[in-house]
Amino acid sequence: MTTLPARAGRRCHYVVNALHSVVYFSPDNEREMSALGITDRSALYFAGRAAALGRVGAGAVTATFHSFSHELVARHVPHIWDVASPEDVLAARLRVADATLRRLLGEEALASAEMAEAAGLALRAAEACERPVRPLYAAHADLPVPHAPHLALWHAATLLREHRGDGHLIALAGSGLDPLEALVSHSATGRGMSTKWLLATRGWSEEELTAARLRLRERGLLDEQDALTDAGAALREEIEEETDRLDAAPYEHLGAEGVGRLTELATAFATTLVENGGYPADLRR
């Protein structure tokens, strides 16, 4: 039985995750990875997120990332490990997190008591994350915790993100949605990526996207205007609720007061990131 307000863990996750995912849109990321020889945007993402898994092949990345076409993944993996080792990528990624948070939040925020408090709370929540059936979380959980509070917070945000993400894939597998159907239906909620970003980053074609929409219409999940039907909206909420259930442990461990405080602190930091241009304006358009 939960001791938390409804969806408290979900709300906390969303704002904490903003502190992690901002690195993917950072010019610091392109600079550091380019110095390693990784210049393609997709290769850059695959390397940065998969490096904790070690020298894995395309199959492992497709399986754990879920929403990318295998053809796009195989274009870059495992070749990227011949360009830069996973160890070098992990070191560069931490430099990116440092530079990005330092630039967008400012030195005063990084040195603040609130930053140290948020890092402590997020790390405490991550103590209750579970390794079984969660490969991306488990790989990141083997990495050392950085000493600087803002990097410790970024590391904890990464752990919490990948723990929820792995659980979300479990929920999606039970829903009967394939990867592209999952992307399209999520976009139809208004909270997912825009069609522009989906096509630009996930490796699917316009024809494959159209076919996925047709399949969703045939199942009664999308209407003729590609909006979610009542059944589609209900399915998407079932997926989120199942994801919440699978991701409850860290937030239950932190407790209602801790979750509320971490949400408050992370919201303030995430708001500053957005206000200072940390995220593309057209991400959801």
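**Exercise 1. Which residues in helix α2 (residues 27–36) are buried?**

*Solution.* The structure is a predicted model, in which local features need pLDDT of at least 70, side-chain atom pairs count only at pLDDT 80 or more, and totals for chains, interfaces and linings use all residues. Residues are numbered from 1 along each chain as its sequence is written, and side-chain values use heavy atoms, with hydrogens and water left out.

Step 1: Buried means under 20% relative accessible area, exposed means over 50%, and partly exposed lies in between, with a 1.4 Å probe and protein chains only; helices are DSSP runs of H or I with at least four residues, numbered from the N terminus.

Step 2: apply them. The buried residues in α2 are D28, N29, E32 and M33. They lie on the same side of α2, because they cover an arc of only 120 degrees around the axis, the arc being that of the directions from the helix axis to the C-beta atoms.

Step 3: find the partners. With contact taken as heavy atoms within 4.5 Å, the buried residues of α2 pack against α3 (41–50) and α7 (86–105). Just after α2, G37 takes a positive phi of about 100 degrees.

**Exercise 2. Describe the salt bridge between R164 and D247, and state where its two residues lie.**

*Solution.* Step 1: a salt bridge is a side-chain nitrogen of Lys or Arg within 4 Å of a carboxyl oxygen of Asp or Glu, and by this rule the count comes to 24.

Step 1: the side chains of R164 and D247 meet at 3.3 Å, N to O. R164 belongs to helix α11 (residues 149–175), whereas D247 sits in the loop between α15 (230–246) and α16 (248–275), so the pair ties together parts that are 83 residues apart in sequence.

Step 2: both R164 and D247 are buried, and the two also belong to a network of salt bridges whose members include R7, R236 and E240.
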